[in-house]
Amino acid sequence: MNKLTYICIFLFLGCFINTYKATAQDITLFQQFNGRFDYTALGNTMNTAENGPGGICTINTSSSASLFLNTDQTIVAAYLYWAGSDDGDFDIELNGIPITAARTFSDALTGNRTFFAAFADVTDIVSSQGNGLYTVSEFDLTSVINPYCPTGTNFGGWAITVIYENPSLPLNQLNVYDGLESVPDALEITLENLNVFDNMGAKIGFIAWEGDRSLSVNESLRINGSIIENFPLNPANNAFNGTNSFTGASDLYNMDIDFYSIQNYIAIGDTTATISLTSGQDFVMINNIITVLNSQLPDATVTIDEIETTCDSRELTIDYTIFNTNSTAALPQNTPIAFYADGVLLTTATTQLTLPIDGNVQQTITLTVPASIANPFDLTIVVDDDGTGAGTVDEINEDNNIAIENITLPTSPEVPQLNTLELCDNTPNLAFDLTSQENLFTNPLLIFQYYETFDNASDMMNPIMNPTAYESNSYPATIYMEVVNSITFCRTIATFDIVLLESSILNQPENLIACTIDATEISIFDLTTNETTISNESNITFTYFETLASDGSFQDEITNPTTFENTTNPQTIYISVENTNGCISTTTFEIRVNDCEIYIPNGLSPNSDGKNDVFNILNLEAHPHHKIHIYNRLGTLIFVGDRNTGRWNGFANRGTPKNNKLPTGTYFYVLYLNDTITTGNTVLLEQTYTGWVYLQNN
């Protein structure tokens with residue numbers, strides 16, 4: 001194939017490429033080093049020859065290159081880039097050590113012609129192995145390369161950029177940029193974050209892929225509009241031609257590791273540089289750019305170390321550190337520092353001394369946050385800010401001067417209205433659960449302690465040890481509750497009272513008896529008859545129940561206590577009495593249906609023989625309010641009896657002779673039943689009985 005045919009084919013491919021090229025990743029700043037730094041680079045191609053239509057379509061899976069540094073050059077970083085045709089092999093080996101891509105890039109010309117690049121930080125490997133041979137292996141594109149050979153876009157290669165420090169170097173700013181951008185036609189890349197102090201010795205370096213020595217139609221590399229070259233290795237019209245400017249190698253087929261002097265193309269004070277690349281045919285991908293510029297500027301940064309706050313105070317004591325690391329000049333004394341709360345200026349300060357390169361100083365300031373600032377808020381410290389947002393010092397990086405921390409001013413816990421704790425004085429196992437007040441709080445960070453005196457609470461001494469079952473020596477009593485925020489340790493002391501409520505004191509009610517003169521054991525009872533006997537307090541509520549449960553509670557409420565019909569005989573009635581304090585007292589009585597018909601004997605003989613020794617009126621016990629009067633034949637009252645005196649036994653307890661044995665004879669009685677609480681047949685049961693009885697007293 002003659003040269004004209006070769007060029008025509010590539011002109012056709014160039015048009016085809018230009019028609020279908022896709023946009024890749026922009027070149028941006030990846031890392032910056034400030035100090036006495038420079039760099040070198042090594043690498044090699046995987047191609048066995050330069051690609052092109054009709055060229056060799058084989059590719060290696062490993063290749064090697066050597067690193068040589070002087071003894072005064074100390075490695076600080078080493079970055080491995082590798083690239084090739086197709087979608088990517090991101091797991092390779094460096095000197096037998098497995099490497100996985102930490103970042104990846106991609107580009108494409110058509111849907112079936114894609115390209116990749118990958119990055120890994122190999123600083124540890126290169127630092128430990130130092131000078132010598134470096135081999136990239138297990139980089140295998142053999143199964144995917146064939147479709148790229150007819151268009152001459154089959155390639156693979158790798159490069160390591162090694163940043164080193166040398167005390168004899170000037171103070172430089174070394175910027176590492178990467179991404180993946182490509183031509184043909186034209187490509188313009190703007191490099192930012194530059195600080196040109198002196199352009200002497202300034203240089204720029206590239207790692208580029210897929211450049212062809214044999215293609216140089218309208219190919220140029222410019223910086224700030226001026227063409228740069230490195231003749232004879234990199235002529236002005238063929239910058240990307242398979243070379244390594246560091247070693248002078250010219251057999252890096254379809255990849256370039258080159259650097260150029262740019263001291264005549266940048267000016268002191270520049271902060272950006274524009275790189276322009278044109279190519280009429282050659283498809284070139286830029287993966288990495290490194291600039292080395294003499295720069296003598298500080299770089300102020302700030303960190304917030306500690307913030308001391310006081311509960312319920314808006315005063316802050318701030319420990320902070322100003323740094324001048326990654327710099328190439330001292331940071332002057334009195335560099336301004338501004339302090340903001342939610343963007344509102346609080347105060348300003350200055351650096352207390354000059355900070356050398358890599359120096360730092362810790363400073364302390366106390367300031368007050370105005371009440372108009374919400375809580376919480378963002379505290380912002382800005383170094384090289386005079387309080388207006390303006391700086392006074394030129395720096396390497398003007399965008400790293402800020403430290404922000406969200407601040408919550410600690411306040412004492414808010415205490416809701418606490419309840420007075422009340423228990424009735426008849427409560428079983430009388431004890432107060434003081435911790436019930438904690439249910440009124442919603443903040444889960446609070447902890448609680450309880451004290452009997454304010455002094456103990458203030459001093460946090462002698463807390464109540466059994467707050468869930470507390471008994472006081474006297475009532476009412478005041479409890480001092482300490483509420484503490486477990487994060488800020490701010491505390492509040494609140495108080496509440498514990499009170500014993502009086503319950504009603506009940507009198508034992510009398511049993512209710514219903515009378516019957518037949519075999520019936522069911523009757524209607526008015527249970528409320530006993531209420532005035534049980535208690536004469538006002539505004540109390542009686543409730544009646546039929547059953548005592550195993551837990552001591554009453555069950556089966558009686559809803560008709562004035563007309564209750566007994567279900568058993570006898571039957572126990574359970575009563576709860578609730579007073580205006582809400583305290584409940586309880587008692588019981590029986591209801592019983594008795595045979596109440598009166599049987600009155602007509603004689604007694606108290607001779608201790610166990611027969612008729614007393615005037616024994618049958619069923620008299622069914623009439624508990626009865627009274628009986630005994631008279632002699634002269635009408636003199638000689639005995640008065642009731643249920644408490646017992647039955648008459650022939651002795652007088654009235655008149656004369658009192659308490660003496662009465663003579664044999666006929667006596668007269670009057671019996672009053674007084675049935676005020678006895679239910680029965682009033683027709684069959686008379687209330688007053690009169691008659692005579694014969695006393696035989698031997």
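Trainee: How many residues line the second largest pocket, and which of them lie nearest its centre?

Mentor: A pocket is found on a 1 Å grid over the protein atoms alone: it is an open set of points with protein on both sides within 12 Å along at least five of seven lines, and lining residues have an atom within 4 Å of a point. Here 13 residues line the second largest pocket, and N632, R633, P663, T666 and Y667 lie nearest its centre. This is a predicted model, in which local features need pLDDT of at least 70 and side-chain atom pairs count only at pLDDT 80 or more, while totals for chains, interfaces and linings use all residues. Residues are numbered from 1 along each chain as its sequence is written, and side-chain values use heavy atoms, with hydrogens and water left out.

Trainee: What is the volume of that pocket, and which strand gives the most to its lining?

Mentor: A volume is the space filled by probe spheres set on the grid points, which are joined across faces, edges and corners. For the second largest pocket this is about 190 Å³. Strand 38 (residues 665-672) gives the most to the lining, with 3 residues; strands are DSSP runs of E, at least two residues long, numbered from the N terminus. The lining divides into 6 nonpolar, 6 polar and 1 charged, where Ala, Val, Leu, Ile, Met, Phe, Trp, Tyr, Cys and Pro count as nonpolar, Asp, Glu, Lys and Arg as charged, and the others, Gly among them, as polar.

Trainee: What is the volume of the largest pocket, and what lines it?

Mentor: The largest pocket has a volume of about 240 Å³. It is lined by 16 residues, of which L194, N195, T271, E395 and I396 are the closest to its centre. The lining divides into 6 nonpolar, 5 polar and 5 charged.

Trainee: How many cavities are there?

Mentor: A cavity is a set of grid points where a 1.4 Å probe fits but cannot get out. There are 3 cavities of 30 Å³ or more. The second largest cavity holds about 50 Å³ of space, and its lining consists of F615, I617, L620, H626, I628, G646, R647 and W648. That lining has 5 nonpolar, 2 polar and 1 charged.

Trainee: Is N51 buried or exposed?

Mentor: Buried means under 20% relative accessible area, exposed over 50%, and partly exposed in between (1.4 Å probe, protein chains only). N51 is buried because its relative accessible area is 1%. N51 is found in the loop between strand 2 (37-45) and strand 3 (63-67). V76, in strand 4 (residues 74-85), is partly exposed at 29%. The C-alpha atoms of V76 and I163 are separated by 5.8 Å, although the two are 87 residues apart along the chain.

Conventions:
Helix = DSSP H or I, 4+ residues; strand = E, 2+ residues; numbered from the N terminus.
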